[in-house]
Amino acid sequence: MSSPTAQRLGVVPSVFAVEHLPHATFPEDDEWIALVRAPEGLTVVRETWPTGSGERWIGLYGGATAHGLDTPGMLAAVVSPLAEASIPVFVASTFHADLVLVPEHRIEEAVAALEAAGHRVDTKHLPAR
């Protein structure tokens, strides 16, 4: 990890769903992980059942290389190699790190792209296929 933006990422042990609720200002339950309210509605990230239907996302979290809000390039260092590999992402940032979601069926490609870019990825929580 020679680059100052190279990170130690971990696969989050949950599978997620990303929903758009166009007319909601708050979800009806408290089972959410992240909320983003925008003029076009509410985006909700929540855990989904292991056998749930719909698009499923795997999270990569950079908490092992936590950084301040004034550290430039940390998110770009993660999403750029994924973009170069044509892997879609959904991002929810915390105060110290970023949660980058990738489609479940693309997780192996995402890990390979990130490792090729100099990141270390802990895959111990990668769901069995």
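The dialogue below reads several features of a predicted model.

Me: What kind of model is this, and how are its residues numbered?

Reply: This is a predicted model, in which local features need pLDDT of at least 70 and side-chain atom pairs count only at pLDDT 80 or more, while totals for chains, interfaces and linings use all residues. Residues are numbered from 1 along each chain as its sequence is written, and side-chain values use heavy atoms, with hydrogens and water left out.

Me: What is the average pLDDT of the protein, and where is confidence lowest?

Reply: Where pLDDT is low, the predicted coordinates should not be read in detail. Here pLDDT (the predictor's confidence in each residue, from 0 to 100) averages 90 over the protein, and 95% of the residues score at least 70. Confidence is lowest in strand β2 (residues 32-38), with a mean of 92, and highest in α2, at 98.

Me: Which residues have the most contacts inside the largest nonpolar core?

Reply: A nonpolar core is a set of buried Ala, Val, Leu, Ile, Met, Phe, Trp, Tyr and Cys residues joined through side-chain atoms within 4.5 Å, where buried means under 20% relative accessible area, exposed over 50%, and partly exposed in between (1.4 Å probe, protein chains only). The largest such core has 16 residues, and those with the most contacts inside it are L60, V78, L82, V102, I107, L114 and V121. Two or more residues each come from β1 (8-21), β4 (57-61), α1 (74-84), β6 (98-103) and α2 (107-116), with the largest share, five residues, coming from α2. A second, separate core of eight residues includes A34, W57, A92 and L101.

Me: How are the buried residues of α1 arranged around its axis?

Reply: An α-helix has 3.6 residues a turn, so residues three or four places apart point the same way. In α1, the residues M74, A77, V78, P81 and L82 are buried. Seen down the axis of α1, these buried residues fall within an arc of 120 degrees (that of the directions from the helix axis to the C-beta atoms), so they line one face of the helix. On the other side of α1, A83 and E84 are exposed, while the cover over the buried residues includes β1, β6 and α2, contact meaning heavy atoms within 4.5 Å.

Me: What is the phi of S86, and where does S86 lie?

Reply: Most residues other than glycine have a negative phi, and most peptide bonds are trans. S86 has a positive phi of about 60 degrees although it is not a glycine; S86 lies in the loop between α1 and β5 (90-93), and is exposed, with a relative accessible area of 56%.

Notes
Helix = DSSP H or I, 4+ residues; strand = E, 2+ residues; numbered from the N terminus.
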